[in-house]
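Subject: the structure you asked about

Hi,

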Amino acid sequence: MSSETFASLESENIYSCFNSDAGLLTLQGSQVELRRRLDALFCSWAEVVGAIEYSFPPVLSVYSLDLADYFSSFPHLATLTTQIDSNNEGMKRFVDSTRNERLTEVDQNYLTPARYVLPSAACYAVYNHLSNKKLQNDLFITVCSPCFRQESIYKAGERQWTFHMREIVCIGRQETVRNFLNTYRQLITEILDRAKLPFQLREATDPFFDKRDPALILQKLEPLKYEFLYRDRLAITSLNFHRKFFGDRFNIQDCTGEPAYTGCVAFGLERWLSACIREYGQNWENLPAVLQKKEPEVRSQESGE
Ligand code: ATP
Ligand code: ZN
Ligand code: MG
C-alpha cells in the first residue's frame with residue numbers, strides 16, 4: 001500500500017461503533033474474531049519459551065503499585081477504583097440523592113478512598129504475584145489483561161483509555177532475561193518480515209520508571225526498550241528490559257538468591273488489530289499464513305515458584 005493510500009485510510013473510520021473521545025472502543029463480529037486470533041498467535045509465540053499462562057484479578061492494590069514508584073512515575077496514566085461508601089449512612093444518603101435525577105457522575109463525597117488501581121500494563125500483576133518469593137528456576141509467564149491509560153488524546157483502535165495487552169514475561173537470572181528479549185526481537189522481526197507488514201524496530205526512550213531514577217543513566221549505555229513500529233508511527237509491540245528494578249522492589253529472588261532480573265514483551269491487541277485490518281482487511285483468513293494460528297495452545301506446566 002502506498003503511503004498516500006495509507007494517509008487516506010487513516011482518516012477513515014474502520015470501526016462501526018466507538019466512543020473515541022473517551023478512548024473507548026467497541027468491536028464486533030469479525031473484528032472480535034481477528035483480535036482473538038491474534039492473541040492466539042501471540043500465545044503460540046509464548047510457547048517458544050514454554051511460558052505458563054496466568055489469569056490475575058483485573059485490579060492491583062495501590063500499595064503494590066506504589067512499590068514500583070507508579071504514582072510518582074506515571075500519575076497521569078492512573079485509573080483508580082472506588083466504591084459507594086456504605087459507612088455512616090453514606091449509602092442511604094447517596095440513594096436518596098439520586099431519586100430524582102439521572103446520574104452522569106457520582107460526587108466524591110459518597111465514595112470510599114481508592115485502594116485499587118486498574119493497571120496500565122499487564123506485567124505488574126506478575127511481579128506482585130511473585131513478591132517475597134525465591135524462584136527455583138527462571139520463569140516464563142504469559143498474561144493478557146485489560147489495561148487502562150489516561151492519555152491526552154485518544155484515537156480509535158490506536159490510543160485508547162481501555163485496551164488489551166498480551167505480555168510474555170521472563171523473571172530470573174540476567175543472562176536468561178537477555179536471551180529471552182533477544183529471542184523475541186529476532187522472532188518478531190522475522191515474522192513481520194515474512195508477513196510483509198511494514199514496520200521498523202526502534203530504540204525507545206520512555207522507560208517504565210521514574211525519569212529521575214539514576215538507573216536511567218544506564219539507558220544511555222544500554223537500551224532498555226525497543227519498539228516495533230507499524231508504518232513508522234504506531235508502536236504495536238515493545239520489548240522491555242527492567243534490569244533488577246522489579247526484583248528489588250518486589251523482593252523476588254532468582255535461583256541463586258540474587259534479586260531477579262525481569263523483561264517483558266508487550267503486544268497491544270487493538271493496535272495489532274488496526275494494523276492488520278488496514279493491511280489485510282477484517283477477515284482473519286486473509287492474514288498471511290505466518291500470522292495465522294488456528295487454535296490457541298498455551299502449554300500448562302508445573303510452575304517453578
Ligand atoms: P506509545 O509511545 O505509543 O504511547 P508506549 O510506549 O506507551 O506506546 P508501552 O508502554 O510499551 O507503549 O505498551 C505496550 C504496548 O501497549 C504498546 O506497544 C502498544 O501496542 C500498546 N499500547 C500502549 N498504550 C496504548 C493505548 N493508549 N491504547 C492502545 N494500545 C496501547
Ligand atoms: Zn510489561
Ligand atoms: Mg504511551
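R185 lies over the face of Y226, at 4.7 Å from the ring centre. I count a charge as sitting over a ring if NZ of Lys or CZ of Arg is within 6 Å of the ring centre and within 35 degrees of the ring normal. The charged end of R37 does this too, 3.8 Å from the centre of the W284 ring.

Some housekeeping: this is a predicted model, where local features need pLDDT of at least 70 and side-chain atom pairs count only at pLDDT 80 or more, while totals for chains, interfaces and linings use all residues. Residues are numbered from 1 along each chain as its sequence is written, chains are lettered from A and ligands numbered from 1 in the order in which they are written, and side-chain values use heavy atoms, with hydrogens and water left out.

Of its 13 lining residues, the closest to the centre are L181, N182, R185, P223 and Y226. Helix α7 (174-195) and strands β10 (225-230) and β11 (234-243) each supply at least two lining residues, and the largest share, five residues, comes from α7. (A pocket here is an open set of points on a 1 Å grid over the protein atoms alone where a 1.4 Å probe fits, with protein on both sides within 12 Å along at least five of seven lines; lining residues have an atom within 4 Å of a point. Helices are DSSP runs of H or I with at least four residues, strands are E runs of at least two, and both are numbered from the N terminus.)

Now the metal. The zinc ion (ligand 2) is coordinated by C123 (SG), E167 (OE) and C264 (SG), at 2.1 to 2.3 Å. Donors are N, O and S atoms within 2.8 Å of the metal (3.2 Å for Na, K and Ca), and water is not among the atoms, so the site may look incomplete. The two cysteines are 141 residues apart: C123 is in the loop between β6 (116-118) and α6 (124-129), and C264 is in strand β12 (residues 261-268). Both come out as buried, C123 with a relative accessible area of 5% and C264 with 3%. (Buried is under 20%, exposed over 50%, partly exposed in between, with a 1.4 Å probe and protein chains only.)

On to the aromatics: there are 20 pairs. Rings of Phe, Tyr and Trp (its six-membered ring) pair if their centres lie within 6.5 Å; planes under 30 degrees apart are stacked, over 60 edge-to-face and the rest tilted. W45 and W272 have ring centres 6.1 Å apart and planes at 70°, so they are edge-to-face. W45 lies in helix α2 (residues 30-46) and W272 in helix α10 (residues 269-280), so the pair ties together parts 227 residues apart in sequence. W45 is buried at 5% relative accessibility, and W272 at 0%.

Last, strand β7 (residues 139-148): eight of its 10 residues are buried. β7 runs antiparallel to β8 (residues 162-172), joined by 10 bridges, with F148 opposite T162. Strand β3 (residues 52-53) pairs with β7 in the parallel sense over two bridges. Strands pair if DSSP finds at least two bridges between them.

Cheers
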